[in-house]
Amino acid sequence: MARDHGGGVDAAVAHWGGTRDGWLDLSTGINPVPYPVGEISALAWNTLPDTGAMERLIAAARSFWNVPEDCAILPANGASALISRLPDITGRGAYIPAPTYNEYKAAFEGADKLGDGSEASGTHVYVHPNNPDGKLWPTAVTEGHALTVIDESFCDVCPEQSHVQLASNDGVVVLKSFGKFWGLAGLRLGFMIARPELIAQMKTLQEPWSVNGPALEIGARALTDHKWANDTRARLAQDADRLDALMTGKGAKVVGGTTLFRLYDVDDAAAWQDKLASGHVWSRIFPYSKTWVRLGLPAPDGWRQLEAAL
């Protein structure tokens, strides 16, 4: 069954017209100014991914996220590949406070391991910052559960809020997504950080060569480029403030988000989405709220189109 996500611009084009390259897609929380990947070696393209390339990526990830030395790191073909296999290393019953990223509930339901979804469940899942409201969870949420999953897919914009140090604790898993902050979602790269025993369990569920050669090379390069990361955080913060000013000037109220996406309360979310789509700007609304609209940030050349659509 199809699940509610951002994207889907092709369907919007079919309904509202125009061409795909004429649309401004603000329905996701992906950095609109991606990391400049540069040249990719022929070795990355022409040979099977090797151990050395994987080790370089893991070392870069360990340094960038200050991963505790007693933790292991498992790269994967996107964070979603890890999420889909999480139920295979847990017991039955998962507490996933809503609203949040819906792939977790889908994964546990698909494996018939969701149970009643109560707080008494042995597995707890917290998206930190949460999607779509940007909520930050305290460290105490990891206490008293057989397994706690902390999804930090959007935490690279606020590294001071990271709970990665908690991965040293038994039963704590931290997930990282590369595609969002670095703006390279099509690369498909994600990471699981946990005690070696949990990493070993997940690794047995991976297919061979679970991360492609170009992703290994680009990931290692980007994770060592601290200047780019710092400059990007500053730019995203400025652009998020600009977007808030633009939306509140049109009557929306800021109710949350991160500097990669903003969440607004409006009188009629569907009407706002229709209005924006008429100007070929695609937004995100939610089946559980009639008043929430989420917008990602425009690329530098996209602001004029958003302003005209509003």
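Visitor: Where does Trp209 lie?
Guide: Trp209 is in the loop between α6 (196-203) and α7 (213-223). Helices here are DSSP runs of H or I, at least four residues long, and strands are runs of E, at least two, numbered from the N terminus. The model is predicted: local features need pLDDT of at least 70, side-chain atom pairs count only at pLDDT 80 or more, and totals for chains, interfaces and linings use all residues. Residues are numbered from 1 along each chain as its sequence is written, and side-chain values use heavy atoms, without hydrogens and water.

Visitor: Why is Trp209 called exposed?
Guide: Look at the cut-offs. Buried means under 20% relative accessible area, exposed over 50%, and partly exposed in between (1.4 Å probe, protein chains only). Trp209 has 53% relative accessibility, so Trp209 counts as exposed. Its phi is near 50°, a positive value in a residue other than glycine.

Visitor: What makes Asp112 exposed?
Guide: Its relative accessible area is 56%, so Asp112 passes the cut-off. Asp112 lies in the loop between α5 and β4. Phi is positive at Asp112 as well, near 55°.

Visitor: Why does Asn131 count as buried?
Guide: Asn131 has 10% relative accessibility, which is under the limit, so Asn131 is buried. Asn131 sits in the loop between β4 (123-127) and β5 (147-151).

Visitor: Which peptide bond joins Asn131 and Pro132?
Guide: A cis one, with omega about 25°. Another cis bond joins Ala98 and Pro99, with omega about 0°. Pro99 is among the residues in contact with Asn131 (heavy atoms within 4.5 Å).

Visitor: Why is a set of residues called a nonpolar core?
Guide: The set holds buried Ala, Val, Leu, Ile, Met, Phe, Trp, Tyr and Cys residues, joined through side-chain atoms within 4.5 Å. The largest such core has 62 residues, and Phe178 is one of those with the most contacts inside it. Helix α8 (residues 226-248) gives the most to this core, with seven residues. Apart from it lies another core, of 24 residues, including Ala94 and Met202.

Conventions: Lists of a residue's contacts leave out its neighbours within four places in sequence.
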